[in-house]
Amino acid sequence: MVLREKHAIMDEMGMKRALTRIAHEIIEKNKGVNNVAIIGIRRRGGPLAQRLALRIEEIEGIKIPVGILDITLYRDDLTTLAQQPQVHRTEVNFDINGKRLVLVDDVLYTGRTVRAALDALIDLGRPECIQLAVLIDRGHRELPIKADFIGKNVPTSRQENIEVYVKELDGKDGVVIQEIVDS
């Protein structure tokens, strides 16, 4: 499958504005940040979670716990990923029992990644509640999952892909729509 960039949706400043708005929405919905923790889904959800925690700290003056969740072994497509899927470490160094968790991912699509993340979280403990924050919601849900906080809704076709770039992993920030082209 060959993908080519079709359209840039968000640049570095757009991402910063979206994350700042989401940070404010998290604070408002939770009436502050007491008992709130943020957990990013490994790869791009991790850096986005850390940025959200920094924005919240700038706004509220309170440092909240941040973790990174690896969902590899919880995926329902594990056998199709690779012969030997690469499992990374979950880095949640705090007790999630009774916490108000904000789960962070870059793109919400079918909902299967979030389902896997929910299973992984429940294996770590019993939070008071789990809220979902995503930078991009592209639609096409296959499971009944809805984000509480959305940076941008981007309707797409199934022949398109959303690619999120974060400086921490990719050397740049941005979001683009890619389309499948005949090779």
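Tutor: Let's start with a rule for this predicted model: two strands count as paired when DSSP finds at least two bridges between them.

Student: Okay, what makes β5 and β6 a pair?

Tutor: Strand β5 (residues 129-137) and β6 are joined by four bridges in the parallel sense. The cut-off is at least two, so they pair. As one example, Asp-137 has Asn-153 in β6 as its bridge partner.

Student: Where do those strands sit in their sheet?

Tutor: The sheet is open and has five strands in the order β3-β2-β4-β5-β6, with parallel pairing. From one strand to the next, the twist averages 25 degrees.

Student: Why are β3 and β6 called edge strands?

Tutor: β3 (66-69) and β6 (149-153) each pair on one side only.

Student: What about β7 and β8: how do you know that they pair?

Tutor: Six bridges link β7 to strand β8 (residues 174-181), in the antiparallel sense. At least two are needed, so this counts as a pair too. Glu-160, for one, has Glu-179 in β8 as its bridge partner. These strands belong to an open, antiparallel sheet of three strands, ordered β1-β8-β7.

Student: Why is one side of β1 and of β7 left without a neighbour in that sheet?

Tutor: β1 (2-10) and β7 stand at the edges, and each has a single partner strand, so one side stays without a neighbour.

Student: What makes the meeting of α1 and α2 a crossing, and of which hand?

Tutor: The axes of α1 (residues 12-29) and α2 (residues 45-60) come within 9 Å and cross at roughly 60 degrees. α1 passes α2 in a right-handed crossing.

Student: Last one: what lines the largest pocket?

Tutor: Its lining has 37 residues, with Arg-75, Asp-105, Asp-106, Val-107 and Thr-113 nearest the centre. β4 (100-108), α4 (112-124) and β7 (160-165) are the elements giving two or more residues to that lining. The lining divides into 13 nonpolar, nine polar and 15 charged residues, around a space of about 950 Å³.

How values were computed. Residues numbered from 1 in each chain as written. Predicted model: local features only at pLDDT ≥ 70, side-chain atom pairs only at ≥ 80, totals over all residues. Heavy atoms only, no water. 1 Å grid on protein atoms, 1.4 Å probe; cavity = no way out; pocket = protein on both sides within 12 Å on 5 of 7 lines; lining within 4 Å. Points joined across faces, edges and corners; volume = space filled by probe spheres on them. Nonpolar A, V, L, I, M, F, W, Y, C, P; charged D, E, K, R; others polar. Axes fitted to C-alpha atoms, helices over the stretch in contact; angles between N-to-C directions. Left-handed = near helix turned anticlockwise from the far one by under 90°.
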